[in-house]
Amino acid sequence: MKGLSSAFFLIAVISAIGGMVWGIQMSASGDHSLSPAHGHLNLIGWVSMAIFGFYYHLVPSAAKGLLPKLHFGLSAAGLGVIVPGIAMAISDQDDVLAKLGSVLTLAGMLVFLVVVLRSRQTA
């Protein structure tokens, strides 16, 4: 695995480790109030990023061009903004980061849809 698929997978593994450590911390403290942010870290960070990495590995032609790079940028930025944004919103702080992260994450998924549709036509 190399290139774009490797970059997605690296974020996935880092997210999985972070999610596990956070889960252990929540369990040890008995405070599960931030579990929605923890869940988003695991689902978007570990699961989605790993799926993206596998897709680009299995369909290498899909990783060519600007669109896959845009997908990576939007997805990485979305993850980096949505998780702390949700934690802040739960903690009764401003929810603007949660909203921004949601939009970035959705935009990344929409770009991925275009990548998938485009790669079906070239296969």
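Helices are DSSP runs (H or I, at least four residues) numbered from the N terminus. The model is predicted: local features need pLDDT of at least 70, side-chain atom pairs count only at pLDDT 80 or more, and totals for chains, interfaces and linings use all residues. Residues are numbered from 1 along each chain as its sequence is written, and side-chain values use heavy atoms, with hydrogens and water left out.

Helix H1 (residues 3-29) has 27 residues and reaches 39 Å from its first C-alpha to its last, close to the expected 39 Å; the expected span is 1.5 Å times one less than the number of residues. Its buried residues (under 20% relative accessible area, 1.4 Å probe, protein chains only) are Leu4, Ser5, Phe8, Ile11, Ala12, Ser15, Ala16, Gly19, Trp22 and Met26. H2 and H3 are among what covers these buried residues of H1. Trp22, leaving aside its neighbours within four places in sequence, is in contact with Leu34, Ala37, His38, Leu41 and Val83, where contact means heavy atoms within 4.5 Å. Just after H1, Gly30 takes a positive phi of about 75°.

H2 has 24 residues and reaches 33 Å from its first C-alpha to its last, close to the 34 Å expected. Among its buried residues are Ala37, Leu41, Ile44, Met49, Phe52 and Tyr56.

The axes of H2 (residues 35-58) and H3 (residues 66-90) come within 8 Å and cross at roughly 170°. Axes are lines fitted to C-alpha atoms, for helices over the stretch in contact, and angles run from 0 to 180 degrees between N-to-C directions. H2 and H3 are therefore roughly antiparallel to each other, a term for angles over 145 degrees. The residues of this contact divide into 15 nonpolar, four polar and no charged. Ala, Val, Leu, Ile, Met, Phe, Trp, Tyr, Cys and Pro count as nonpolar, Asp, Glu, Lys and Arg as charged, and the others, Gly among them, as polar.

His40 lies in helix H2. At 33% relative accessibility, His40 counts as partly exposed, the class between buried and exposed (over 50%). Leaving aside its neighbours within four places in sequence, His40 is in contact with Gly45, Leu79, Ile82, Val83 and Ile86. The C-alpha atoms of His40 and Ile86 are separated by 8.6 Å, with the two residues 46 apart along the chain.

Terms used. Helix = DSSP H or I, 4+ residues; strand = E, 2+ residues; numbered from the N terminus. Parallel < 35°, antiparallel > 145°, perpendicular 65-115°, else oblique.
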